[in-house]
Amino acid sequence: MVMKRIIPCLDIRNGRVVKGVQFLNLKDSGDPVELATRYDAEGADELVFLDITAGTENRDTAVRMVERVAKAIFIPFTVGGGIRKAEDADAMLLAGCDKVGINSAAVRRPELITDMANRFGSQCVVLAVDVRRKANGYRVVVDAGRTETEWAMEDWLLEAQRRGAGEVLLTSMDQDGSNAGYDLEALRSASNQLRIPLIASGGFGEARHALEAFRAGADAALVASALHTCGLTVKRLKEQLSKEGIEVRPC
Amino acid sequence: MIGILDYGCGNLRSLENALEFLGLESCRVGTPEAIKAVDRLIQPGVGHFGYAMTQLRKGKLEDPVQDFATSGRPLLGICLGMQLMFQGSEEAPEVPGLGLLPGRFEPFTDPTLKVPHMGWSTVEFQDTEGPAYFVHSFFLPEWNLNVPHQGLGIAQHGRPFVAAFRSGNLAGCQFHPEKSGIWGLKLLKEMLTW
């Protein structure tokens, strides 16, 4: 059996972690390497670095960060944010990350998924999909939720899977930042559509939410702000999930 | 010196980082001469079986790797690099593998399974077990019992499959020991120091 994964997400700005992570005894809470090491030691199964400043001018900073992280942790990690073409992904993969997340650029130019899958293999293509609930179902949105697209969630997921995406990171923009739980209906629907693994994102606040997401069909849960601000640790989260009968990697 | 086979299939960086962390010296080898010169060889690999074998042949590395294996020096295949050591894979049925060991890889076909098998699964050896990070869509259903082995690791994804083995100077793991946390690093060190 493949175990359910807990994936902390770190927001990066100019090579530094933002949204102040409240760890004790951390010399520099903005240092991605120190934080990554800490999460690794706590039992995180994977990490996601989301570069919110990503753009060509910051590419070198991001690459240097990836190089340092890759020397410090020995679990898989994904880098996302501002990846527009296969060359951008190449630079990140060469620097040592395992997977690259793409989002808006893939919606604008779906061939990006195919390009990356052909060049680097599907295993390193994480398609991030942001959705919003509408009267007639879930709609794909881009540009951090500002722009609505023509894609219904289910259609886009199938298209992405067909083009070679290796994994889907599904974020509910309605739930994101709420700490009120993932959008379970969206997860159920996505999980029914997909054969590739599904990562739940947006809304995590407590252990129960991850449990619900896994029961709704998610293979992994992205946890962000609650770990940073609510004092919950990966270790404690996994202990609680384990008690509920969810198979997780022991810390 | 440990050589890491560089044939354009996969990211060698993670592996190099792990070896450096373990205090093991390594170099990339991408020519027949360089392969001859190392004491130990790691064959990594991600992507498509057919493409990888084509890359090996294009680089004129197929014979050198086979010679290396028959010379008795230790060869470790990781992920697709392990698959290439066998006879073939349904991923590219017309493309023969290196054929160092008998066996063919099959796809996961159970429609209720997520494919690729991506994430952490337990690998069970006779005397130990631990969680390892996998990413693969094809698997070796069983070990050919006519071939002696000195260790076999089995994992499950809907069904059991060969996750790791050692047979004489040949070893392989379907998972990524360099990405399997502390347990993986320990295993990697063992596989590179016998």
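Predicted model: local features only at pLDDT ≥ 70, side-chain atom pairs only at ≥ 80, totals over all residues.
## Basis of the values

Local features need pLDDT of at least 70 and side-chain atom pairs count only at pLDDT 80 or more, while totals for chains, interfaces and linings use all residues. Residues are numbered from 1 along each chain as its sequence is written, chains are lettered from A in the order in which they are written, and side-chain values use heavy atoms, leaving out hydrogens and water.

## The contact between chains A and B

Chain A gives 35 residues to the contact and chain B gives 33 residues, where contact means heavy atoms within 4.5 Å. About 2500 Å² is buried between the two chains, with 53% of that area coming from carbon and sulfur atoms; buried area is the accessible area (1.4 Å probe) that two parts lose on being put together, summed over both. Of the area that chain A buries against chain B, 30% comes from A:Val2, A:Phe74 and A:Arg195, more than from any other three residues.

Between the chains there are 4 salt bridges, each a side-chain nitrogen of Lys or Arg within 4 Å of a carboxyl oxygen of Asp or Glu. B:Lys114 forms a salt bridge with A:Asp219, and their closest N and O atoms are 2.6 Å apart.

## Helices H6 and H7 of chain A

The axes of H6 (residues 153–163) and H7 (residues 184–193) of chain A, lines fitted to C-alpha atoms over the stretch in contact, come within 10 Å and cross at roughly 35 degrees. Residues of H6(A) including A:Leu157 and A:Leu158 meet residues of H7(A), among them A:Ala186 and A:Ala190.

Technical notes. Axes fitted to C-alpha atoms, helices over the stretch in contact; angles between N-to-C directions. Helix = DSSP H or I, 4+ residues; strand = E, 2+ residues; numbered from the N terminus.
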